[in-house]
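My entries follow the order in which I checked things.

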Amino acid sequence: MEDDAPVIYGLEFQARALTPQTAETDAIRFLVGTQSLKYDNQIHIIDFDDENNIINKNVLLHQAGEIWHISASPADKGVLATCYNKTADGKVVTCAAVWRMPAELEPGGHESPEDAASPAHALELLCHLGPAAHGSTACVAWEPAGDGKRVISLADNHILLWDLQESSSQAVLASSASLEGKGQLKFTTGRWSPHHNCTQVATANDTAVRGWDTRTMSQIYCIESAHGQLVRDLDFNPNKQYYLASCGDDCRVKFWDTRNVTEPVKTLEEHSHWVWGVRYNHSHDQLVLTGSSDSRVILSNMVSISSEPFGHLVDDDDLSEQEERSQEPPQDSVIATYEEHEDSVYAVDWSSADPWLFASLSYDGRLVINRVPRALKYHILL
C-alpha cells in the first residue's frame, strides 16, 4: 500500500465530535463521539497502527445523549469531557460532564474492525460541569499542559472556570465571567492558550473573538468583526505566543497577532463553504489544517507567519555564493487538498503522538486518517 494513502473508518452513526487522546504520546489514538437521536450514542476509541496501516477500535456507550463536543484530559489518558444534548421540561439543553473510560480500555486492549459483535463498555460519570441554569454548554477546554485539574466551559454567555477535585469526581466553580451586551449573546467556541503560564483563553461569539485573563476573568482583547459571519473555531500557534487562528462562515481562515487586532496578519480563502475547524500542527506551526462543509480538508504551509519564516537558518560560511543567491524565503502555499469526504467536515485534528499524522471527521460518520506528504516532511526536517 502506498505510504501516503488515506485510511478510512466508518461509524454507523452521524458524528461531529473528534479529539486526539491528548495525554497519549506513544500510541496514535483519536476519540470520536456520535450523534444519534434514535439509538444510544457511542464514543469510538480509534487506534491507528501506522506500521500496518490499519485501524483498531473500541466502542464506549455514551447513553447521556448526542455528543456535540469532546475533549480529552491532558494529564490522564482515561479521562474525557463531552458536551451532549438532553431533554428536560420539554426543552433541549446541552450539558457538559467529565467521564472515565473503563480501565481495561486505557492502554489499548483492542478489537479489530471486523469484531463488531463484542459488547460495548459504558463510561463512568465523574462529575457534571455546572447546573443547567448556566445555559447550554458549547465546549469544554482543558488547561493545556496542566495536571488535568482545571477546565473552562462556555455556557450561553458565561465563561466558567472549574477546579476538578477528588480525582475529578467533583467540579468546583472557581470563577466566572459573563458577556454583556444587546441581544442573546452566546459563546460558540473557545481555546485555552498554551502560553503566558496558561492564563489566557480565547472565545468566539457571533463574529467576535475575545481574549480573557483566567486570573481575573476580565477581557484583555476583542476583535469585534473578526469574520463577516459566525466564527466557528479558534487555535493558538504553539510556538508564537501572540498568534491566533480563526475560521468561520465567511469561508475564510484568518491569522491574528493579539497585540494588534485591527487587521489580520494573513487571510486564507481556499474553502467554498463554512470553515468548521482550524488546527496548528503541535510541533511545526507552519502546517495548518482546515476542514469545511465544502467537504474538503486543506493542509496549508503558512511559513511566512511561522516560527521559522526562513526555514532552517544556516551559517553563511556553510553556503556557496550560488546557494546564497537562491536562499529566497519560502512562500505560503496550499500543500494538499484532501477530498475523501462526501459530507460536511466538522472536525480536524492532529495526532498527539505523531506530528505528521492527522484525522478529519465528516457528518456521515466517516473518519479519515492522512499524513503530511513525505517530501514536505523531509523538507521541513532536513
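I am working with a predicted model, in which local features need pLDDT of at least 70 and side-chain atom pairs count only at pLDDT 80 or more, while totals for chains, interfaces and linings use all residues. Residues are numbered from 1 along each chain as its sequence is written, and side-chain values use heavy atoms, with hydrogens and water left out.

**Entry: the sheet.** I took helices (H or I, at least four residues) and strands (E, at least two) as DSSP runs numbered from the N terminus, and I called two strands paired if DSSP finds at least two bridges between them. I found 4 strands in an open sheet, in the order E1-E29-E28-E27, with antiparallel pairing. Strand E1 (7-10) and strand E27 (345-350) stand at the edges with a single partner strand each, so one side of each has no neighbour in the sheet. I then looked at strand E28 (residues 357-362) and strand E29 (residues 366-371), which pair in the antiparallel sense over 5 bridges; Leu361 has Leu367 in E29 as its bridge partner.

**Entry: salt bridges.** Side chains of opposite charge can pair when their charged atoms come close. I counted a salt bridge where a side-chain nitrogen of Lys or Arg is within 4 Å of a carboxyl oxygen of Asp or Glu, and by this rule the count comes to 15.

Arg100 forms a salt bridge with Asp76, and their closest N and O atoms are 2.7 Å apart. Because Arg100 lies in strand E8 (residues 91-100) and Asp76 in the loop between strand E6 (67-72) and strand E7 (79-88), the pair ties together parts that are 24 residues apart in sequence. Arg100 is partly exposed at 21% relative accessible area, and Asp76 is partly exposed at 27%.

Is the pair of Arg279 and Asp233 buried or exposed? I noted that both Arg279 and Asp233 are buried, and that their closest N and O atoms in the salt bridge are 2.8 Å apart.

Lys266 forms a salt bridge with Asp332, with 3.0 Å between the closest N and O atoms. This pair links distant parts of the chain, 66 residues apart, with Lys266 in strand E22 (residues 266-268) and Asp332 in the loop between helix H1 (321-325) and strand E26 (333-338). Lys266 counts as partly exposed at 29% relative accessibility, and Asp332 counts as partly exposed at 22%.

Terms used:
Buried means under 20% relative accessible area, exposed over 50%, partly exposed in between (1.4 Å probe, protein chains only).
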